[in-house]
Amino acid sequence: MAEWQQTACILCSINCGIEVQTEAGHITKVRGDKAHPASEGYACEKPHQLDYYQNGRDRLSSPLRRRADGSYEEIDWDTAISEIAARFVALRGEHGGESILYYGGGGQGNHLCGGYGRATRAAIGSVYASNALAQEKTGEFWVDGQLFGRARCHTTGDFENAEVAVFLGKNPWFSHGFPRARVVLKEIAKDPNRSLIVIDPRRTETAAMADYHLQVRPGTDAFCLSALLAITLEENLVDQDFVRDHTNGLGEVAEILRNVPIAEYSARCDVPEELLRTVARRIAQSSSTSIFEDLGIQQAPHSTLNSYLEKLLYLITGNFAKEGAMNIHSRFASLGGGRSPGVEPTSPVGGHRIITGLIPCNVIPDEILTDHPKRFRAALIESANPVHSLADSQRMREAFEALDFVVVIDVAMTETARCADYVLPASSQYEKWEATFFTLEFPKNDFQLRAPIFDPLPGTLPEPEIHSRLIHAIGALQEEDLAPLHAAAKQGRAAYAAAFFAALSEKPHLKPLASVVLYDTLGPTLPRRAGEAAAVWALAHTCAMEYPDSLRRAGFEGEGLDLGEALFDALLERPSGVIFTVDDYDETWRRVLTPDRRINLVVEPLLEEFRSLRGERTQAANPEFPFVLCAGERRSFTANTIFRDPGWRRKDANGALRLNPDDAARLGITAGGEAMITTRRASLRTSVEISDTLRPGHATLPNGLGLAYPTEDGGQQTRGVAPNELTASEDRDWFAGTPWHKYVPARIEAA
Ligand SMILES: Nc1nc2c(c(=O)[nH]1)N[C@H]1C(S)=C(S)[C@@H](COP(=O)(O)OP(=O)(O)OC[C@H]3O[C@@H](n4cnc5c(=O)[nH]c(N)nc54)[C@H](O)[C@@H]3O)O[C@H]1N2
Ligand SMILES: Nc1nc2c(c(=O)[nH]1)N[C@H]1C(S)=C(S)[C@@H](COP(=O)(O)OP(=O)(O)OC[C@H]3O[C@@H](n4cnc5c(=O)[nH]c(N)nc54)[C@H](O)[C@@H]3O)O[C@H]1N2
Ligand code: SF4
Ligand SMILES: [Mo]
């Protein structure tokens with residue numbers, strides 16, 4: 001009998017625990033891991049296809065260097081590392097390290113590379129960074145910071161226990177976002193005492209199960225949310241005790257809400273006023289409500305304002321710091337870009353707001369395609385495919401081609417890798433120790449450190465090794481820095497801990513290089529050849545120092561450094577993951593970091609936008625682009641760009657454009673037919689699915705399609721539409737810079 005090995009699914013942020021069987025380098029069987037503390041055996045249909053990731057035909061197996069004619073030649077690792085190091089050092093000398101942009105640092109299943117990448121960033125002096133969070137969550141993070149004191153005060157819903165669950169621009173049936181999503185959704189739907197509320201222009205799979213579906217006109221959530229808030233105030237549904245005891249500033253917000261013309265806003269978002277009233281009452285009168293806001297509002301007009309209004313709704317109804325409602329979770333480590341001391345909190349060229357250390361994705365081309373002296377000249381990209389996944393692929397290609405120097409670290413030959421001067425092949429997520437920092441649960445939060453299930457594909461290296469080699473080639477670490485730590489590591493982890501923390505305080509230049517220092521010195525002594533997990537050891541200590549009580553409630557014991565050691569030991573010993581923090585509801589209040597520990601309801605910079613909604617003119621139908629295209633919908637057969645082989649899609653192989661039946665009839669498009677979709681940026685051919693789940697005038701395309709993939713005979717094939725060929729980088733939120741992928745003006749014609 002083949003043996004089952006514990007690992008995790010890497011296809012969405014939930015990272016369900018799975019068990020796999022392997023044969024000759026292939027993942028042959030997959031099942032949910034019952035021992036995983038959060039997923040408890042749950043898995044959706046996607047992980048059964050994981051071998052398409054592990055054994056993709058375009059996996060990289062040698063470092064590549066671009067020739068003058070644009071083709072690539074294979075080179076050995078030593079050559080690649082020394083040439084890359086030399087180029088970065090030269091750039092740092094000529095233009096300063098701040099001219100080197102770092103992008104990525106992890107996808108849905110791998111965040112260790114970002115931790116090790118931090119060391120390389122420090123060595124080359126790169127201070128500006130971005131990643132996909134800056135095209136979805138940065139607006140929300142910023143609002144959290146205003147309300148609760150710090151951007152890190154991120155809240156999470158408790159859908160398992162909520163009486164009312166609200167999904168705002170979120171389709172968890174396919175996109176998940178919380179553990180065992182489909183089980184939990186079904187439980188809520190069948191319980192007559194609980195309610196499911198979905199706000200989405202499409203009758204999604206989740207909306208079809210809902211008690212209340214607010215099928216908003218696309219892009220009008222700010223009106224819908226304002227009306228819900230105004231009704232809450234008007235009908236005296238505000239939780240007065242909560243507001244009095246825990247918040248500041250409702251008066252100022254109420255003044256705006258009293259001026260909201262509810263009937264008019266209901267018409268603007270096209271949701272009947274009576275339905276809005278019913279839903280506002282249902283939320284306010286529930287014992288607990290949890291809300292999940294996601295891409296449907298975060299990648300649409302008014303996105304930062306929408307996040308603010310969403311949070312006001314659960315706050316003024318008192319759905320905070322209690323079971324079934326919204327709570328501030330612990331986290332194993334941060335996902336942001338990190339603050340670089342002394343660097344302006346804005347981007348170097350355009351002065352765009354940097355949130356949680358991340359430059360807005362949409363302004364990246366503007367920060368390159370200019371003759372401004374502070375423009376980016378180079379980029380280091382790892383585990384991300386920005387040429388495909390950022391708005392405006394054409395401008396992204398142009399921008400990356402304009403850079404002096406681009407290095408990409410990936411497992412596959414991606415659209416972004418094709419713009420690189422050097423491509424470095426990483427070992428896959430099943431060939432090294434890995435972990436993700438999507439630790440977003442409350443009251444029990446879990447973290448899994450995964451052991452490899454395969455040896456590295458020959459020619460590839462895990463990122464910790466890549467970064468270590470780069471740093472040594474750059475000359476950022478000296479033998480005398482490491483020797484005492486090597487010696488201490490031989491005496492055990494207690495001796496090592498003392499030596500490590502002493503070294504960091506005596507030699508501050510080691511601090512930003514800490515992950516690689518750990519990999520080099522602690523790594524070789526870790527059991528189970530877990531060297532790549534060395535940085536996790538330090539994070540376990542930081543986590544223990546930050547949440548000692550929560551760790552103790554989770555069963556970890558010990559004083560001082562022993563607590564962090566206990567956590568790290570558990571991570572190494574429990575392959576299905578551990579619950580690292582257990583919280584009580586008061587913990588949420590201790591995590592509110594405003595000076596008076598009260599929630600600040602007044603978010604000044606957004607109030608003006610809030611007030612001016614009333615005067616916003618309804619966009620007159622544009623005859624050139626009469627449709628609103630949602631460019632990038634999650635479906636059963638999408639997983640960002642983690643699978644590149646179109647063969648994994650058993651259904652909907654080409655990722656059809658979904659269109660309302662009346663629209664299709666009017667345009668003369670028939671089922672199974674094809675259409676041309678045209679935006680300001682491009683005109684592309686697509687297959688069509690006619691679906692009565694869409695509103696007239698609304699159309700959707702899946703995310704992650706349109707990837708170039710090698711055919712068996714050495715050619716290339718591309719199936720489906722790459723959504724960002726159709727989007728424009730200037731279509732973004734004025735405040736956080738988040739893109740309007742869900743709101744792309746478009747024209748559709750029969751092909
Ligand atoms: N199967 C699958 N699951 C995934 C992923 C994947 O690629 N495939 N990706 C993962 C990632 S990276 C993320 S960030 C999450 C995202 O998860 P979701 O946010 O749930 O994903 P989407 O389907 O892109 O968008 C959600 C919904 O927004 C709706 N929408 C469009 N326009 C509007 C609007 O104007 N207002 C409102 N209220 N709603 C609107 C769409 O109809 C859609 O149902 O999914 C994760 N899970
Ligand atoms: N139009 C439109 N655009 C969108 C979206 C949308 O809805 N519409 N969604 C946006 C969202 S929410 C997100 S999160 C982004 C996602 O877009 P990206 O952040 O670019 O991430 P992924 O598509 O997940 O790609 C991850 C990359 O990591 C590589 N990889 C996999 N494993 C490893 C590894 O172990 N090491 C290394 N070094 N590389 C590895 C994969 O080959 C792939 O190239 O897309 C965004 N773009
Ligand atoms: S819910 Fe996400 S992590 Fe879980 S099995 Fe499905 S794709 Fe994988
Ligand atoms: Mo995402």
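**Close-up views: pocket, cavities and a buried threonine**

View 1. Domain 3 (138-332 + 594-612) and domain 4 (620-750) both contribute lining residues to the second largest pocket, so it lies between them. This is a predicted model: local features need pLDDT of at least 70, side-chain atom pairs count only at pLDDT 80 or more, and totals for chains, interfaces and linings use all residues. Residues are numbered from 1 along each chain as its sequence is written. Domain bounds come from an automatic or database assignment. The second largest pocket has a volume of about 840 Å³ (the space filled by probe spheres set on grid points joined across faces, edges and corners). Of its 29 lining residues, Arg217, Pro218, Gln619, Val628 and Tyr743 are the closest to its centre. On a 1 Å grid over the protein atoms alone, a pocket is an open set with protein on both sides within 12 Å along at least five of seven lines, a cavity is a set of points where a 1.4 Å probe fits but cannot get out, and lining residues have an atom within 4 Å of a point.

**View 2. The largest cavity.** Its volume is about 70 Å³. Cys9, Cys12, Cys16, Tyr42, Ala43, Cys44, Lys46, Pro47 and His176 form the lining of the largest cavity.

**View 3. The second largest cavity.** About 50 Å³ of space lies here. Among its lining residues are Phe643, Arg644, Arg649 and Arg719.

**View 4. Thr679.** Thr679 is buried, at 5% relative accessible area (buried means under 20%, with a 1.4 Å probe and protein chains only). Beyond residues up to four places away in sequence, Thr679 touches Phe625, Leu726, Val744, Pro745 and Ala746 (heavy atoms within 4.5 Å).

How values were computed:
Chains lettered and ligands numbered in written order. Heavy atoms only, no water. Buried < 20%, exposed > 50% of the residue type's maximum accessible area, 1.4 Å probe, protein only.
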